[in-house]
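Colleague: I would like to go through the salt bridges and then the sheet. Could you bring up the model?
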Amino acid sequence: MNPTIKDVARQSNVSIATVSRILNNKPGYSEETKDRVLKAIAELGYQPNGVARGLINKRTQTIGVLFPELSSMVASEVIKGIEDVSHQQGSSVIVCNTDCNGKRTMDYLKLLSEKRVDGIIFASEVLKEEYYKTLAEMKVPVVLLSTLSTDFQIPYIKVDDFQAAFNATQYLINNGHERIAMISGNKEDPIAGIPRISGYKKALQNHGIHFKEEWFISYLNFDFDSGYKGVSEIFNRAIDVTAIFASSDELAAGVLSRAYELGIKVPDQLSIIGYDNTKLAKMINPPLTTLAQPLYDMGCEGAEMLYEMLQTGKMVSSRILQHNIIERKTVKNIGK
């Protein structure tokens, strides 16, 4: 049978409460007592139980993360950052794949409530009123990651998607391109759809380039298949574009694949810029020039914001992280 906290208390001749204070770094004991308890823990091979410890400090050392699509490389980088910080804090992470499904999201929120998680990171999705009400009832700190809410006062961490898309499009313009198409995910998505599309159009407008509807294509997803179909549709329209802004790296990978099949040389005949700077961007051929979100850092800082609220009981300020363009091999300067 595994040793218990009672066994530790008995062997070190102290109360269970004293052992708990030592395990949780609380005051109220001498160094001699601490040494005696730690020696008993080592001799018995006692491992503190997270749930039992949580009953004492009213925490479970667990946080919940809700993501709409765990299979994406964006999610994997962000979650790695969250988990690394949580591990340093001695906490575990329950990751939930909501699939942008309202019922599934509510089911997961209820599950996390039953698990008594210490806090929640809500990522890359619109915070609907029903979600907010459930979160408010849980009375735990919440951080929005790669999303924000104009209706509810919850701290967020993200990049400025409008400005990032503006800069990506402007980068193509600065390289001599004026006939620039865009392939987007869901154009009605207020998080990664509308702001990136608006940034693209604004960059064209600011440089005196008239936006044409035939330059723009959107699908429901930001995935490889959508990029693959999108580039075919663009060239089926018989329009002469020299560059494509794909609003995710996975879309851009689909564009590259189909361009290769069509005999279109990248970047000599077509320049492509992606969005995110996932590991995929370095793996495809040619390596993808892309707008980089600091995905891992976003996960780390989002988790740090959550743990700061847990430790202080105070609200933290929202953060906008810097983005930048990573130049690789898919954009050609045609202005020279």
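Colleague: Which residue meets D7 in a salt bridge?
Modeller: R10 does, with N to O at 3.0 Å; a salt bridge is a side-chain nitrogen of Lys or Arg within 4 Å of a carboxyl oxygen of Asp or Glu. This is a predicted model, in which local features need pLDDT of at least 70, side-chain atom pairs count only at pLDDT 80 or more, and totals for chains, interfaces and linings use all residues. Residues are numbered from 1 along each chain as its sequence is written, and side-chain values use heavy atoms, without hydrogens and water.
Colleague: How many residues apart are D7 and R10 in helix α1?
Modeller: Three, so about one helical turn separates them. Helices (H or I, at least four residues) and strands (E, at least two) are DSSP runs, numbered from the N terminus.
Colleague: Is R10 buried or exposed?
Modeller: R10 is exposed at 59% relative accessible area, while D7 is partly exposed at 25%. Buried means under 20%, exposed over 50%, and partly exposed in between (1.4 Å probe, protein chains only).
Colleague: What does K279 form with E77?
Modeller: A salt bridge, with the closest N and O atoms 3.6 Å apart. K279 is in the loop between β9 and α12 and E77 in helix α5, so the pair ties together parts 202 residues apart in sequence.
Colleague: Now the sheet: what is the strand order?
Modeller: The open sheet of six strands runs β2-β1-β3-β4-β5-β11, with parallel pairing; two strands pair if DSSP finds at least two bridges between them. At the edges are β2 and β11, each pairing on one side only.
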